[in-house]
Amino acid sequence: MSRSEGTFTEELYNKYYKRIYTYCQKRVKWQNELSDLAEDCTQNTFLEAHRQISRLRSHPNIEGWLYTTARNMINHSYRSMYAKKRREVILDETISNSLMELDQDLERLFHEHINYEALCSEILGRLNEKEYELYTDYYQNRMSVSSLSEKYGITVTATTTRIHRLKKKIKMIIHEHYSDHLD
């Protein structure tokens, strides 16, 4: 990416982030369990803008493109949740109670066989110093992307990219952990 593309992406973020985030919040505000969805969709919108930067530079309505992309991100999230919910089955009370007991037994067995401390230790142990600090700031301290950008002295785009890479690395570590322990 050229310096001017990074500057252009940063300008987009600075100019439109609050508007896009507010738009996403309004689209999901009635669903309390989706509080992180607005931030995730906003972040994914700007990641997509970063990926499409060469095409976006000459777009006649950049703000409209961002809103459309944000709407598509939200709709995609809803479709994913709907598809998941469609697979759920409504059961009568007797079956439901039996399954709840079985579920509790399975959960107890799962917790007995999964060592959360070992998993967390493995994840955190495989993060380098910068990743660990970002993990702590973003997930535990719940710092915003703009606050992280200021703290680390990097652009918002670079911060978003680092968070995205950190999420991918954590998922990969978890996948490897379970693959190693299930064989």
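Me: Hi! Quick one to start: is Cys41 buried or exposed?
Reply: Cys41 counts as buried, at 2% relative accessibility. Keep in mind that this is a predicted model.

Me: Good to know. How many disulfides does the count come to?
Reply: The count comes to 0 disulfides. Cys24 is in none, and its nearest cysteine sulfur, that of Cys41, is 5.5 Å away. Cys41 is in no disulfide either, with the sulfur of Cys24 as its nearest at 5.5 Å.

Me: What cut-off rules that pair out?
Reply: The two sulfur atoms would have to be within 2.5 Å to count as a disulfide.

Me: Let's zoom out. How many helices and strands are there?
Reply: The protein has 9 helices and 0 strands. Along the sequence that reads α-α-α-α-α-α-α-α-α.

Me: What share of the residues is buried?
Reply: Of the 183 residues, 31% count as buried. The accessible surface is about 12700 Å², and 52% of that belongs to carbon and sulfur atoms.

Me: What share of the contacts comes from residues 24 or more positions apart?
Reply: Such pairs account for 68% of the contacts with a separation of 6 or more.

Me: On to the inside. Which residues of the largest nonpolar core touch the most other members?
Reply: Those are Leu12, Tyr16, Ile20, Cys24, Phe46, Ile62 and Leu66, out of 33 residues in that core. So Cys24 turns up again here.

Me: Which elements give two or more residues to this core?
Reply: They are H1 (3-28), H2 (37-51), H3 (53-57), H4 (62-86), H6 (116-125), H7 (129-140), H8 (145-152) and H9 (156-182). H1 gives the most, with 8 residues.

Me: Pick Leu66 for me. What does Leu66 touch?
Reply: Leaving out residues up to four places away in sequence, Leu66 touches Tyr16, Ile20, Thr45, Phe46 and Ala49. Tyr16, Ile20 and Phe46 are also among the core residues that touch the most other members.

Me: Changing topic: which residues of H8 are buried?
Reply: In H8 the buried ones are Val145, Leu148 and Ser149. They cover an arc of only 105° around the axis, so they lie on the same side of H8.

Me: Why do residues three or four places apart point the same way?
Reply: An α-helix has 3.6 residues a turn, so residues with that spacing point the same way.

Me: Where is Thr160 found, and what is Thr160 in contact with?
Reply: Thr160 is found in helix H9. Apart from neighbours within four places in sequence, Thr160 is in contact with Gln43, Leu47 and Val145. At 4% relative accessibility, Thr160 counts as buried, and Val145 is one of the buried residues of H8.

Me: Last topic, charges. How many salt bridges does the count come to?
Reply: The count comes to 8 salt bridges. One of them joins Glu176 and Arg126, with the closest N and O atoms 2.6 Å apart. That pair links distant parts of the chain, with Glu176 in helix H9 and Arg126 in the loop between H6 and H7, 50 residues apart.

Me: What are the relative accessibility values for Glu176 and Arg126?
Reply: Glu176 is partly exposed, with a relative accessible area of 28%, and Arg126 counts as partly exposed at 35%. Both also belong to a network of salt bridges that includes Glu122.

Me: What does Lys169 form a salt bridge with?
Reply: Lys169 pairs with Glu131, the closest N and O atoms being 2.8 Å apart. Lys169 lies in helix H9 and Glu131 in helix H7, so the pair ties together parts that are 38 residues apart in sequence.

Me: And which side chain meets Lys151 in a salt bridge?
Reply: That is Asp137, at 2.7 Å from N to O. Lys151 is in helix H8 and Asp137 in helix H7, so this pair ties together parts 14 residues apart in sequence. Lys151 counts as partly exposed at 43% relative accessibility, whereas Asp137 is buried, with a relative accessible area of 5%.

How values were computed
Residues numbered from 1 in each chain as written. Predicted model: local features only at pLDDT ≥ 70, side-chain atom pairs only at ≥ 80, totals over all residues. Heavy atoms only, no water. Core = buried A, V, L, I, M, F, W, Y, C linked by side-chain atoms within 4.5 Å. Buried < 20%, exposed > 50% of the residue type's maximum accessible area, 1.4 Å probe, protein only. Helix = DSSP H or I, 4+ residues; strand = E, 2+ residues; numbered from the N terminus. Contact = heavy atoms within 4.5 Å. Arc of directions from axis to C-beta. Salt bridge = Lys/Arg side-chain N within 4 Å of Asp/Glu carboxyl O. Areas by Shrake-Rupley, 256 points an atom, 1.4 Å probe, with all protein chains shown as cover.
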